[in-house]
Every structure is written in structure tokens, then in C-alpha cells.
Amino acid sequence: MPSDVWSCPVLTYAKLSFEDRRRSLQEDQRILQEDQRRRQQEDLPLLTRPTEGTSGPDKVQAVASKVNEAVKKVYKSTGSYVQMLPWVDDHQMHIMNIFTKLCLVEQVDTRGKPQIKGNNMELDYKMFHPALRELYEKMQSETREGNPNKGEMKSYEEIFKFQTHHEGTPIKRIVISGSAGIGKTTLIDKIAYDWAMGNSETLNKFKLVFALKMGSLQQSSNLEDAIFEKLLAKDTVDESALKEFIDKNQDKVLILLDGFDECKITTTDTSSFGSILKVINRKLGPECWVVITSRPPLDKLVNSSLVMKPFTHVRVEGFSKTDINEYVNKFFPDDHDKASKLIEQIELSDTLSDLAESPMLLLLMCLLMGSKENTLPDTMTRLYNKALNYIFKRKTRDIKDAEISRILISIGKVALGSLISRDQSFAFREGDFEKTALDAAMNAGVLTSERVIDGLDTYQRVSFIHHTFLEYCAAMYWQSLINTEEFDRILDQTVKTESTEFTPLGDPRSSRLTRYEYLFRFCCGDNEACTNQILKKIHQGRDSQLIVTCYFESQSKELPQENVISSLLTGDIDISNWNNDSTNAFFHFLKQVAALSRGNDYFSKVKRLVMNDVNFQRFGTDLAKALKLMINLQSLSLIIGSLTPANTDQILLSLATLSTLTQLDLSGNTALGGYVSLLVSQLMKLKRLKKLSLLGCSLVAQDVSPIAESMGDTLVDLDVRGNRALGGCASIWGPELGKMECLQDIHLERCSLQGTDIEPIAVALSDILTLVHLNLGDNQALGGCASLWALHLKRMNHLKELLLVRCNLTDADMEPIAESMGDMPNLSHLDLTGNVALGSCAPLWALHLKRMNHLKVLLLPLCNLTDADMEPIAESVGDMPNLSHLDLTGNDALGSCAPLWALHLKRMNHLKELILATCFLTDADMEPIAESMGDMPNLSHLDLTRNYALGGCAPLWALHLKRMNHLKVLLLVWCNLTDADMEPIAESVGDMPNLSHLDLTRNYALGGCAPLWALHLKRMNHLKELILARCQLTDADMVPIAESVGDMPNLSHLDLTGNDALGSCAPLWALHLKRMNHLKELLLGGCHLTDVDMEPIAESVSDMPNLIHLDPTRNH
């Protein structure tokens, strides 16, 4: 191996710490006795050892200077070298050759408000109001897209520069997290070294820096003991003077604590804390700077007993793609072919790419690549098998494979026990292992050991070098149990855990990357018997990625069981956002089924296939072969991938023989732009294609003609949204649209259309009598100039729906638009959503609405309408006899002022549906609204969704609901309703004889307290549909709900979707379902139901004679 690989300036390595194992027991006992004595002392000063008098100022400064020199000497010498791998002897690297990249995860001020570095915007928490959350997230998404660094720090020095949001005070508690081997320890060593060398201006403000390994400490450890044991020789300085300096100069002291997760914390009782933990929680030394590293999760560190707000949290990331490439090329300076081959293998595998972020594992890959095979194995199991053989045989060349296997199985027994335990503690004692296996694994370097002092107990703590090695060994032991009851018990336990645990919100892992993924994969590796047993269990949870990955690991020559195949090859297959490894495993599975199915036509079941973000350059040929077998395929979506004209042509060729394909979606494949003409011959063969989507494909004007020519006589729906190059040149491509004689829907949103583009488009489409839907949304250049283009709309007099969403329309645009639409007798639907300039000026434009007297649906959401706008709108709408649906969603200025505008509603007495969602309505608004609606005899549907101020005060407004006694549908979704609101609502609804549908979705406060409100439901005995989806209902709520519903004889539909607390406890509530024996439909989707729940539910449902539809979908 070349020597200069160690001097690469952009490399990160993990330091593997080793404590001195030969320290005498007598010294340990003395230290422990002193520790017990000190714990009885008061801890008012930072360092708890009592002092005899106060040292003079000169002496204190002199001691501080002496300590400064002593610890700098440590950091410059032995502390400046990093051992790379336990099994690679004598490979150490100087700290200056190490680069660690940090990424800011979150900064929190004293009130918990997130503040992103570099963003000076004061976050208005109104933006987090649910009504505006989607808009806020869209804004943030756009901001992130414009900032590719996503908070990445240029230097670790930035962690010392963050301040609280309001006070502007420095944040002196810093948590650094990252996985094993990712470089946390190296970062701590680098900070200490830079301070010692004077390399950092930021660090120069610190007089003293103490870098300590927490793995050798315990809960009661004191700071001064650790300093003198690890960094300073005993009796070299006056301890009292050092304590005094630290107490009086806390801002000049930096404490670096590495490996908090390795420190045994048994209780959160702060009275048991030594001074180190008290420094962390600011009970001592609150102005000292403290940096703590830890593996995730951080719940044992970040809590009310230790690290509290404010603190800075950063995540250590491993190698970037650039770092990986540079390192591999450095490793093979004279063999560029080998370097390129390894880089390609890593890039083609998401699993290898993830592993290569770890410096330790990347080095191992390079070592394996340097062996005679000249390639890495295809499966993870074979990779780790090869790696472990390499590790063992490097130390013991004549060791047999069978002996290595015995050792791995032996230590794997301990690993598996910890892996499937509830607390998953991965730090072991020597006595946990069989001695000969322990010695062999320690000698090879698979296990490492360090001394730990735990109370009066001193022992060697044993750890695996990386968590994936622990999982591999655990799987080898599990494999050895095949065909035993113990194997089945472990399988039941892991699968049960998988089916009942859910990935937390914000967890960066894919939902597929569950707790035991690698354990399953390794256990299936090259073992058909284990694979069959595991797949038989996990296919019931329908984790398709895990199923195909496990089957791939097995490299079995036989197919899995038929029910496993059928769970994957269904009528609807969606492999959106699968990584390269899962996709590769999927196509391996398809090849095996095609080759070995022996007459079983599994592929004919597939009717819809969706592939999102797939590497088609790699998998295009495999896909084309599979498509030929899917003879009943109706819909194919190949979205946001890497399609090129060449592999698209190959895929389309495979579709040519399919007579069933009606929908093709190639959206997001930007390489197709400008090359559609190359696909004409294949497109022409898709004789039954009805819908084509080319959204965001970078199409140019010349691409429209081949589309129109090849599919003009079949296509009914064309979607070319987001192809901005089409703007300003419709004179070139617009006339081509006229060739599409069957077209019904065309989507031209976000195409940067100009006013001059509308005429050629309208002229071409005017002769297509089948066209009913035209979407021109988000073409903002159309605003302010409708007088130039609106007159052309009337040519399309067969249109039924026209969307002009977010087109920057102004009041001046409305007259020419209305004038044209008045001459479009078939137009029944007009969408003006998001044209904010229409707000506050309706008197200037609303009078023109009445010209469109054939309209049935008018949408005006998010138009900034005010109370002053409502009178002219109502006046015009009142003269539009066909208008039945009016949507005013998101016009929040209508809130708190309904007395000024609601009286005008009654003019629109022909309306059937009125939507006032997210209008910030209050209790005071409800009386005038209800009064007007009482005079609207045709109104049957009222939507008050997301008017949060209605919650908690229904006694003030619900009584007015009964005035609207002609309503059939009432939506009170997400209105913050409480148990106290339900009685007055039920009382009013009980007097509304026509009301048949009530939707209370997402009123979370109703959960857990149904005994207080459910009894009122029975008052609404004329209801036919009741929706209580996502109300956080619990098992205790089901008894009173079922009891009331049982007394509602007309109720036929009950929706309990998304009440996830109902999962795993159906035996407590399912028996009450049978009381609702008149129900016809019961929805329990997304309730986290498990196998345990299904039996009692099925038993009750069998006693519900009228039930014809039960939905238990989206349950694990």
C-alpha cells in the first residue's frame, strides 16, 4: 500500500482509543476512595477537592501557565497521532492530515426557536399556523434549493460563534453527534491540536483546554481527577491554584468530552452526578465552554438533567463523494483502472456509498479491492465475509475458515442477544464472551477493549469495531439456529418489533431502513433455508424493498414461496425512490421469476408500474425485458429518472407489443428535451395511448410536432407543464396542437407563456371539438395584459374548464376575460386561485362576473379578498343563475368581520356549495353567516375547515347552525374543537333534519376524552356519515362512541382513519363495534393495526349484518 495515502489533506479518520490496561488495582482503589470522600464535600466551586486557603494571584496565573504548557505538550506529541485500524499494524497518521466536515443540524435559543445560520429572517410563528404551513414549507424548499450547502459549516471554528436568538449571548454547550467511525474523536483531537499549535484564532481565547475520553469515566467522575489522571502528572502543579483559576476564568476554559454514549449513566438523579456531569448541565462552571460528542440517539444527553437549551447541535458527516474519489485514487496511485472500478462499484451501490462515508470502512474496501479478485463481492454478506477473513488471516495466516466461522458464531451469540434486547446496549464485558473466541476476536481486531471504572468495579469494556460487524456476527449465530424453535422465536420477536415500531418524524432514515434490516440481510446471505423462513414472515408486512434485498442476499437458485412472489407482483407496483441496491435486487427478483416460474404467469397481473428516481442507464435494459412480460400493463410512469433518447427508445420498443397501455408518464426526464423526434417511430406504435405526461422534460418548440404527429389520433390528455422553453414561441409549436384531434385535456402550466402565445394556441385548439379542459396556471406574464390575449379565448367555445391560477391577474384583466368567457357557452368552471391583486378592488372587476352567467363553479381562494370585496362579488354572483359552487378558501381578511359582509351572501340564493375554509373565522362571525345562509334554500354543503378560532367556544356560535336547516353536508375539519364544543354542536345538528354528513377530522382534542362528549352524538340520529379521522382517539374512546353510534339508526358510514392509538389494543375496544350493527361502511385505515388486532375486529364485524365494506388498509 502506498505511503502517501496517509497524507491526503482531505481525509477523515476515526481514532480508536486504547487505555492503559496495566494500571495497578491498588492505584484504582486509592482513586476510588478519594472519589467517595470528595462526593461528600460541598460542590460550590467548580473543582470539588477542598482547598486550604486561597492562592495568590501570581501563583494562580503561574499554575495556569504551567498547566497550559503541559497539556499542549500532550496534544502536540502522543495526542497528535491517530491509529487507523486495529488489524493494520503500525499505521498511524498525524492529525494535520485529517479533515472533518461538519453540518449544522439545528441551533436553539433559550425559547427553543430554531435559528439557521446565515438566515437573518426573524421567524414569524404565524407562519407555522397549519393554514399557512404548506406555503411556508414551499418557501423554505425554494430557499434550500437555492442554497446547496444546506447549513454545511466551512470550519469547526463556527461552533464557537453561535449566539442565542434574542439575547445575543454565546452558546457554550455544544453537542456533536455522528455514527461510529465517522470522525468525532478525530475532530476532538484536531481541536486540541490546533489550540496547542496556535493554529486557530478562535481557539486562542482559551487559556486551558482539557480533552477527555468519557469511555473511561463514570457518572460520579470528577473533573480534576480526570485531568490529573489523563493529562497531568501527579503533584506537578498546585491543584488548589488550578481550581481557583478555572473558577475565576471560566470563559477561558474549554472542556472537550469525547464519547458521551460510552459513559455509563445509570440514573438521571443529579445528586449522583460528579463534577463532570454537573459542568455539562451548568450546575458548575456555567461559563466554561463544553463540547460533547456522542453517537445518536441523544435522548440520554439532551434532556432536563444534562444538556438543556440553549445548546448548539452539529452532525459530523463522513466522506463526501469527492473525498471518496480522492482517497481511492490516492490509495491506488499506480493502478487507475482498479481505482476507477472501485469508485464505480461504490457509486452504483447506495449501501456501499453509505458505508464508504466511514473512513474505517472505506479503507477496508480499498484493502479488499487490492486483493487478487480485483473486485468487491455482489452482496453485503459476501463483502463482510471476505472482510472478516482478511482481518483474521492478516494476524493468523494459517487459521481455517471453519475456525473463523466458529469464532464469529460464538461472539455473534452475545451480539444477537444485545441486538434484540429492548435497551440494545452494545458495550460488553469480557465475561460475556467465551474466552477463546474473545481472545481470537480481540487479537484480530474485530473486538476492541478499554478499561472502565464503574463505582468500585474496574473492568474491560468490549466493543465491536463497527455496528455492521456486530450485526453480521449476530446473523451468523442466528443462521446456526435454523430449524430450531429458538430461530423461530427470534424471527417472531424481530418481525413483531418491525411491524409495531414506526420511524419518528424527521428521522433521516428511509422508512425501509428499519431496526433489523442488516440482521435480516446477513441472515439470508447465501442461506436458502433462512431466507425462506424470513421471507415467509416479512412479506406479510409488505416491505417490498426488504423482501427483494433479502432474496438478493441469498443468491438462491430457487424462487421464494408463491405468496411472497404474489405480494410483490401485484396489480399495482410502485418502486418510487428506491435506492440503487433495492432496485438492483428488484430486477434480480424479476429475472429469477421470469426464468424459474415454470408456467406461472405472475407478470400478467401487473396493470400499473411506477418507477421514480431510478437509474435507467443502469437498469433500462432490465426494465425493457420485464415490460415485455407485463402483457396487461395499462399505466407506466418513469418519473424523474435518467432517461435518455437511447434508453427511452429501447423501453418504448418493448411496449410496442402491448395493446393495453393507455397512460405513459415520462415527467422529469430532462434529457428528452430537444430529442423527441428520435422517439416518433416507437410512439406511433402505442396505438391505445390516451394520456402522455412530459412535465418538466425541458421540451423545446421543435418537440411538440413529433408528439402531435405520432399520437394525434389517439391522445386525449397531454401534460407539458413546467417546460419553460415553450414560452414566447407558441407561434412555432402552437399550430401543431391542432393535429391532436382527440384531445380533451391540455396542461400548459409553468410554461412561461407570454400574452402573444395565447392566440396561436387558441386558434389551433378552436378546431378540436373534444377539448374541455385548459390549464394556463402559473404563467405569470399573462397578468396585466389580458386585453392582448383574452379575446382569443372565445375561439375555444367548447371549453368547460379554464384554469388561470396564479397568473398575476389584475382588476383590469377581468373585463376582457369576462367578455370572452361570456361567449363560451359551455364554460362551467373557472379557477382564479392565487391572483392576489384581485383583493381589495372587487368593485372594479366583480361586476364583469355576471357576463359569465353559464358558470357553475367559481374558485377565488387566496385572492386577498376583504369584507369590502364581498358585496360586489355577491351582487354579481346573484345574477349568475347557474353558479352552484363558490370557493373563498384562504381569504383570511374575511375573519372577525363577517357582520360587514355576511349579509350579502343571501343574494347568492342559488348556491349549493360554499367553502369558507381557512378564513380565520371567529365565533362572532358565525351568527351573521348562519343568518344569511338560512335564507339560501339551495345551500346544501358548507365547508368551515381550518377555522381554528372556532375551537373551544362552540357554546357561543353552534346554536346558530340550526338556522341552516337545509344543509346536508357540514365540514368542521381541523377547527380545534374540544369536548366542551360537542354538546352545543350536537344539539344544533340534531335540529337540522337534512344534515346527513358531518366531518370532524383532525380535531385532536377529541381524543382521550370521548366519555365527555360521545353521548351527545346520538342527538344527531338522522346522520348517515360521520367522520372522526385523525382525532387521536384511544381505546377508551371507543366504548362511548360505539354506544352512541348504536343509537343512530341512520348512520351507515363511520370513518376512523388515522387514529393510530387504536393499534395494538383492539382486544380492548373491538368488541364494542358490534353495537353499531346498522353500519354499512367502516374505515380503519392507517390505525397502526397489527396482527393482534385483526382477530377481535373480525369477530365483532362478523356480528354486524349490514356491514358491506371494511377498510383496514395502510396498517402495518
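Helix α27 (residues 758-765) is largely enclosed by the rest of the structure, because six of its eight residues are buried (under 20% relative accessible area, with a 1.4 Å probe and protein chains only). The buried residues are I758, P760, I761, A762, A764 and L765. They pack against α26 (730-733), β19 (745-747), β20 (773-775) and α28 (786-789), where contact means heavy atoms within 4.5 Å. Helices (H or I, at least four residues) and strands (E, at least two) are DSSP runs, numbered from the N terminus.

The model is predicted, so local features need pLDDT of at least 70 and side-chain atom pairs count only at pLDDT 80 or more, while totals for chains, interfaces and linings use all residues. Residues are numbered from 1 along each chain as its sequence is written, and side-chain values use heavy atoms, with hydrogens and water left out.

Two helix pairs are worth a look next. The axes of α2 (residues 57-76) and α6 (residues 239-248) come within 8 Å and cross at roughly 95 degrees; axes are lines fitted to C-alpha atoms, for helices over the stretch in contact, and angles run from 0 to 180 degrees between N-to-C directions. The two helices are therefore roughly perpendicular (65 to 115 degrees). On the α2 side the contact involves K59, V60, Q61, V63, A64 and V67, and on the α6 side A241, L242, E244 and F245. Seven of these residues are nonpolar, one is polar and two are charged; Ala, Val, Leu, Ile, Met, Phe, Trp, Tyr, Cys and Pro count as nonpolar, Asp, Glu, Lys and Arg as charged, and the others, Gly among them, as polar.

Helices α13 (residues 401-419) and α14 (residues 435-444) pack at about 110 degrees with axes 9 Å apart, which makes this pair roughly perpendicular. Here R406, I407, S410 and I411 of α13 meet T436, A437, A440 and A441 of α14. This contact comprises five nonpolar, two polar and one charged residue.

Turning to aromatic residues, the whole structure holds 21 aromatic pairs (Phe, Tyr and six-membered Trp rings with centres within 6.5 Å). The rings of Y384 and Y472 have centres 6.3 Å apart and planes at 25 degrees, so they are stacked (planes under 30 degrees apart). This pair links distant parts of the chain, with Y384 in α12 (residues 380-395) and Y472 in α15 (residues 467-479), 88 residues apart.

Finally, the charged end of K72 sits over the ring of W195, 5.0 Å from its centre (NZ of Lys or CZ of Arg within 6 Å of the ring centre and within 35 degrees of the ring normal). R1002 likewise lies over the face of W974, at 4.9 Å from the ring centre.

Key
Phe/Tyr/Trp six-rings, centres within 6.5 Å; stacked < 30°, edge-to-face > 60°. Parallel < 35°, antiparallel > 145°, perpendicular 65-115°, else oblique. Buried < 20%, exposed > 50% of the residue type's maximum accessible area, 1.4 Å probe, protein only.
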